[in-house]
Amino acid sequence: MGETTRIACKCGQTRLEVEGKPIKSVECCCTSCREAADRMQRLEGAPRTVTDHGATPFVMYRKDRVRFLAGADALAGFRLSPEASSRRVIATCCNTPVYLEFKGGHWLSL
């Protein structure tokens, strides 16, 4: 493992580090990801997070290989509905989407 990659939100206040290689790198075009991206991109100062064809790119890492270095106190949950089993998390300092977590999953989609 050993290799680490550092990631930050748009303004740099929220920073994390991932260890090792990701499980998978994917682009999602499901209705939920498209709707969530549309809503989140409308937040003040939020960066564009979708590809030109409307897909949401993710890099999937095991939860035990993700460490927050700074700004964890600025994270806030974002759900499409109160009953939604997936939880998206944004950095409130600049409204950058940080990760998506599925209920019961052992990974985070960054």
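**Exercise 1. Determine the volume of the largest pocket, and state which residues and elements line it.**

Solution. The largest pocket has a volume of about 410 Å³. Of its 24 lining residues, Pro57, Pro97, Val98, Tyr99 and Leu110 are the closest to the centre. On a 1 Å grid over the protein atoms alone, a pocket is an open set of points where a 1.4 Å probe fits, with protein on both sides within 12 Å along at least five of seven lines, whereas in a cavity the probe cannot get out; lining residues have an atom within 4 Å of a point. Grid points are joined across faces, edges and corners, and the volume is the space filled by probe spheres set on the points.

The model is predicted: local features need pLDDT of at least 70 and side-chain atom pairs count only at pLDDT 80 or more, while totals for chains, interfaces and linings use all residues. Residues are numbered from 1 along each chain as its sequence is written, and side-chain values use heavy atoms, with hydrogens and water left out.

Next, assign the lining to elements. At least two lining residues come from each of strand E1 (4-8), helix H1 (31-41), strand E4 (56-62), strand E7 (86-91) and strand E8 (96-102). Helices (H or I, at least four residues) and strands (E, at least two) are DSSP runs, numbered from the N terminus.

Finally, sort the lining by type: 18 residues are nonpolar, five are polar and one is charged. Here Ala, Val, Leu, Ile, Met, Phe, Trp, Tyr, Cys and Pro count as nonpolar, Asp, Glu, Lys and Arg as charged, and the others, Gly among them, as polar.

**Exercise 2. Describe how E1 pairs with E2, and how E7 pairs with E8.**

Solution. Begin with E1, which runs antiparallel to strand E2 (residues 15-19) and is joined to E2 by five bridges. Two strands pair if DSSP finds at least two bridges between them. Thr4 faces Glu19 in E2. Six residues lie between the two strands of this hairpin, and Gly12 there has a positive phi near 90°.

Ser86 is placed opposite Phe102 in E8. Four residues separate the strands of this hairpin, and Asn95 in the turn has a positive phi of about 60°. Most residues other than glycine have a negative phi. Asn95 takes its positive phi although it is not a glycine. Asn95 is also buried, with a relative accessible area of 15%. Buried means under 20% relative accessible area, exposed over 50%, and partly exposed in between (1.4 Å probe, protein chains only). E8 itself is mostly covered, with five of its seven residues buried.

**Exercise 3. Identify the buried residues of H1, and explain why they lie on the same side of H1.**

Solution. The buried residues are Cys33, Ala36, Ala37 and Met40. They lie on the same side of H1 because they cover an arc of only 100° around the axis; the arc is that of the directions from the helix axis to the C-beta atoms. An α-helix has 3.6 residues a turn, so residues three or four places apart point the same way.

Now locate their partners: the buried residues of H1 pack against strand E3 (24-28), E4, strand E6 (75-78), E7 and E8. Contact means heavy atoms within 4.5 Å.

**Exercise 4. Classify Phe58, Arg67 and Lys21 as buried, partly exposed or exposed.**

Solution. Take Phe58 in strand E4. Its relative accessibility is 10%, so Phe58 counts as buried. Residues up to four places away in sequence aside, Phe58 touches Lys24, Ser25, Val26, Cys28, Cys33, Leu100, Ser109 and Leu110.

Arg67 belongs to strand E5 (residues 66-70). A relative accessibility of 33% makes Arg67 partly exposed. With residues up to four places away in sequence not counted, Arg67 touches Thr4, Arg15, Leu16, Glu17 and Glu19.

Lys21 sits in the loop between E2 and E3. At 62% relative accessibility, Lys21 is exposed. Again not counting residues up to four places away in sequence, Lys21 touches Glu3, Tyr61 and Arg65.
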